[in-house]
Protein chains: 2
Amino acid sequence: MARLKLKLQFYCGDEIAMGPGKADLLEAIAGEGSISAAGRALGMSYRRAWLLVDTMNRCFVRPLVEAHPGGGKSAGAKLTPEGEAALAAYRALSVQVQSGTAGPDFEKLEVAIRGEPISQS
Amino acid sequence: MARLKLKLQFYCGDEIAMGPGKADLLEAIAGEGSISAAGRALGMSYRRAWLLVDTMNRCFVRPLVEAHPGGGKSAGAKLTPEGEAALAAYRALSVQVQSGTAGPDFEKLEVAIRGEPISQS
């Protein structure tokens, strides 16, 4: 049975303001209370997590993540109300879009694709 | 204004049986009549185009592309009826899914994202 993977990316100019990886990071920051712990939980370097947060904060009208004063790797961070709202809207939209795949075109593709590929020719 | 990019990928085991790049390649093969010309039209090496075709042919129950006898870079190729059907279903599903993004969650994200990111902090 073929599996459909749906990726929703919101662009802001040439940068990706919101997508699956950034949504996961927001969720992890909300749960972990810091950017570094969220990055670790996702197997991501602190630098990479920080860059994703910076991109989101520059792309949205209001910042999605607020870093607590203190600085350094141990500084805490949390989602702003706008961050909570953006994450919730992105998750809800993903579910909506996923459910919108039902129908004959999806079924045609699903039945035409093998469960596993045959070996390389 | 934020732009939403939607990517639909059908997996077959760990391989991608169908996605945006493979659909574009099928379309180019149908138009150009050969894998090498289709690859060139998309700025893709012959090797890469051939590998994408091979993956599709191994992932689908019936091959999507049929290479004409002759071999070599100049050999012709065309879509099988199953290739035409898979391409049409994928394009139709993409349009369907795109139209399924309308609603309050999409609008919330769209208004919250800038047209261009502000400069790096």
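Which residue in S2(B) does B:Tyr11 stand opposite? B:Tyr11 faces B:Ile16. The model is predicted, local features need pLDDT of at least 70, side-chain atom pairs count only at pLDDT 80 or more, and totals for chains, interfaces and linings use all residues. Residues are numbered from 1 along each chain as its sequence is written, chains are lettered from A and ligands numbered from 1 in the order in which they are written, and side-chain values use heavy atoms, leaving out hydrogens and water.

Strands S1 (residues 3–12) and S2 (residues 15–18) of chain B pair in the antiparallel sense over three bridges. Pairing requires at least two DSSP bridges. Helices (H or I, at least four residues) and strands (E, at least two) are DSSP runs, numbered from the N terminus. Two residues lie between the strands of this hairpin, and B:Gly13 takes a positive phi near 60 degrees.

Chain A and chain B meet through 46 residues of chain A and 46 residues of chain B. Contact means heavy atoms within 4.5 Å. The area buried between the chains is about 4400 Å², with 58% from carbon and sulfur atoms. Buried area is the accessible area (1.4 Å probe) that two parts lose on being put together, summed over both. In chain A, A:Phe10, A:Arg58 and A:Leu109 lose the most area to chain B, together 15% of what that side buries. S1, S2, H3, H4 and H5 of chain A each supply at least two residues of the side that touches chain B. S1(A) gives the largest share, 10 residues. A:Gly100, in the loop between H4 and H5 of chain A, touches B:Gln96 and B:Val97, not counting residues up to four places away in sequence.
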